[in-house]
Amino acid sequence: MPTVLILGATSDIGFAIARKFASEKYNVQLAARNTNSLQPFQSDIQIRYGVQCSLHSFNALDFNAHLSFYNSLVPKPDITVYVIGYLNDNEMVISDWEESLRTINTNYTGAVSILNIIAADYAAHKAGTIVGISSVAGNRGRQSNYIYGSAKSAFTSYLSGLRNKLYHDKVHVMTVLPGFVYTKMTEHLKLPPLLTASPEGVAEAIYNGVRTKRDVLYVKWFWKWIMLIITTIPESIFKKKKL
Amino acid sequence: MMKKFIANWGNFPVMESEEKSFSFSEQIKDSLNQTDSIIARGNGRCYGDASLEKYTLSTLKYDKILFFDVEQGIFECQSGITLDKILEVIVPKGWFLPVTPGTKYITVGGAVASDVHGKNHHVDGSFSAHVLEMDVLLSTGETLTCSTNQYPDLFWATCGGMGLTGIITRVKFDLKKIETSYIRQKQIKAENLEEVLRLFDENQHYTYSVAWIDCLKKGKNFGRSILMLGEHAGLQDLDAKQRMEPLKVPSKKQISFPFNLPSFVLNQYTVKAFNFLFYGKNFKKEINNVVSYEPFFYPLDAVLHWNRGYGKKGFLQYQFVLPLESKQGLIEILHRISNAGMGSFLAVLKVFGEQNDLISFPKKGYTLALDFPVRNNLFPFLDELDKIVMQYNGRLYLSKDARMKADVFWKSYENANKFQEIIKKYNPGFRINSIQARRLHITQ
């Protein structure tokens, strides 16, 4: 049975992905900061889907521990999904350097740190799949969330470069741009239903994307066109918009 | 913060509420701290206003299975999981829900809070009879594990207590052993009410029994019905094809009601036509067959959003129970309904077995449930029915109710005072509250 590693398993999207892969008979490795609170998730996956599920403590910001984290995984996962993300109010983030750093490191530096390690292992074995959940916020910087957006932008670029490099090593790298998703993180926002996916919808799309080896995946297809329009607006006009 | 308009299954009443969710129990405490008045809400399948409040706490993400003893048939889960998901896990292992209502789209928390009953009430009681223990998170932030031995007052006030004691977070209950996922079904046509009541009596030994009754018929066919009886089928009851996979979970084939029907579609004539077809589809006096559990227990689940058939104004479901000796009351109410021509597709009739809990709805006697589309003259009409129900020592089901007057509740639920005392003890200041509880003067 193949194994999938979920980095950021406590999030709504992370756990939905775990359930989807488990329902397709993957063993699941759930990684999050606090593994105690993950015990119900573990029993749920084992009982519902009859697959193995293990819990692993992982902190995206504890870069020095990433190598030993990966070395401790038995077996090594066939698929790695980086779901970890951190979004806070932009005004708050820019006024507090610790928050800026936390936003950048959680969304970008932490991902680079762990995925460098995993990518090297996959390349050496000429097999594996890496899925990174980035964001359409990274397609163009906007005043309302440009710290988060720039970190996601960097992550998207990283995944693109990684895909290019690992293509020759038969390793599949997929960038996921979910658009709006109904999660705890967005529960206070009024989201347009047509543009908003459910965590289960994201999980379904990711599973299918992995199977069909997609490169860049927009969960709801019209986001691709929305972002195309947004990115083609000339900067001289864009800078005047309140976005 | 985002507010949205929500309603339960009857689409009446509709109210603006701010919904909060949680995946971890610690997050419940945050929500409690941020709100002055909140009620837990599962899948919104109660009909009336029970799980509506200014703030609602959605349990749907709190849906993990914690433990399943395949040998002993013990199941433990968080409260937001729905029964359809549980069936997918337990049926292939040879187990079934000990009690199930007519829809599988309710949460376990809702099953406890409404203390739901099923077609086997006369044999197996209601859901609470199978609860071994549960966790209730109080408005103080403290979590108490309760059972018939531990904090029994909290336990009994939570079973059928409409979520007013606290947030039900974890439930452990026992399951029913099955050899196959099929039901050996018998349907008997009854010409009138007398006959169907006699048939209920004669067929008491059946585990499952319920009748669909045509409320609009008058004269000698007054109360004509189809009595449906069932037993879990054994291997020997299955045909060769069914035997290939005796514990099969039926695949999900659903059609959805895409929009609200205009209110004028439902009237005396269309309802009569529907009932004629429903009754007429059984040509023979008696039908015996083996069917999957799905059509037997959940015929309406095949149509998602069937509640939209009642139009935008919504509908009320009226369910009462009358003691066995009050057959006259049942006849009187059915006459009123038939004469008023208020139009219910079908009414569901069932004979309850013995039950004497603190605040649960069932008690020994006849229970009848019917739907009424919301119309101007409906409310005074139902108030009239309430009087008959009270006169015959009956009561109404809180999970269906959206309109009864407070005094009806206080007069018909004999333990209402004790119930209220326990709520005051565990939920001081009524930080956990619902518009139903206020309407019925339970929390004021």
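Predicted model: local features only at pLDDT ≥ 70, side-chain atom pairs only at ≥ 80, totals over all residues.
Let us begin at the contact between the two chains. Chain A brings 13 residues to it, and chain B brings 13 residues as well. On the chain A side, the most comes from helix α2, residues 39-49, which supplies six residues. If you sort the chain A side by residue class, you find four nonpolar, three polar and six charged residues.

The buried ones are A:Pro40, A:Phe41, A:Gln42, A:Asp44, A:Ile45, A:Ile47, A:Arg48 and A:Tyr49. What lies over them? The cover includes elements of both chains: α1 (12-23), β2 (27-32) and β3 (53-57) of chain A, along with β5 (65-69), β6 (74-78) and α2 (83-90) of chain B.

Helix α2 of chain A lies across β5 and β6 of chain B, and runs at about 45° to β5 of chain B. These two strands belong to an open, antiparallel sheet of five strands in chain B, ordered β5-β6-β10-β8-β9. Its edges are β5 and β9 (143-146) of chain B, each of which pairs on one side only. On average, neighbouring strands here are turned by 10° against each other, direction ignored. Within the sheet, β6 of chain B is joined by five bridges to the antiparallel strand β10, residues 167-174 of chain B. To find this pairing on your screen, look for B:Gln78, whose bridge partner in β10 of chain B is B:Arg170.

Chain B has another open sheet to compare with this one. Four strands of chain B make it up in the order β1-β2-β4-β3, with mixed pairing. Here the edge strands are β1 (3-6) and β3 (38-41) of chain B, each pairing on one side only. Neighbouring strands in this sheet are turned by 45° against each other on average, again ignoring direction. One parallel pair is β3 of chain B with strand β4, residues 55-58 of chain B, joined by four bridges. In that pair, B:Ile38 stands opposite B:Tyr55 of β4 in chain B.

Back in chain A, there is a pair of helices to visit. The axes of α5 (residues 97-125) and α6 (residues 146-167) of chain A come within 8 Å and cross at roughly 10°. That angle makes the two helices of chain A roughly parallel.

In soluble globular proteins, nonpolar side chains tend to be buried together. In this model, the largest nonpolar core has 115 residues, of which B:Ile90, B:Val112, B:Val196, B:Leu227 and B:Ala347 touch the most other members. Strand β18 of chain B, residues 315-323, gives the largest share of this core, with six residues. A second, separate core has 65 residues, including A:Ala18, A:Leu30, A:Ile118 and A:Ala203.

Where does B:Ala347 sit? It is part of strand β19 of chain B, residues 347-352, in which six of six residues are buried. Both faces of this strand are covered, with B:Ala347, B:Leu349 and B:Val351 buried on one side and B:Val348, B:Lys350 and B:Phe352 buried on the other. Strand β19 of chain B has antiparallel partners: three bridges join it to β13, residues 208-213 of chain B, and six bridges join it to β20, residues 365-373 of chain B. As landmarks, B:Trp212 has B:Val348 as its bridge partner, and B:Leu349 stands opposite B:Leu368. Beyond its neighbours within four places in sequence, B:Ala347 is in contact with B:Ile213, B:Cys215, B:Leu368, B:Ala369 and B:Leu370.

Terms used
Residues numbered from 1 in each chain as written. Chains lettered and ligands numbered in written order. Core = buried A, V, L, I, M, F, W, Y, C linked by C-beta atoms within 7 Å. Buried ≥ 20, exposed ≤ 12 C-beta atoms within 10 Å, placed from the backbone. Contact = placed C-beta atoms within 7 Å. Nonpolar A, V, L, I, M, F, W, Y, C, P; charged D, E, K, R; others polar. Axes fitted to C-alpha atoms, helices over the stretch in contact; angles between N-to-C directions. Parallel < 35°, antiparallel > 145°, perpendicular 65-115°, else oblique. Pairing = 2+ DSSP bridges.
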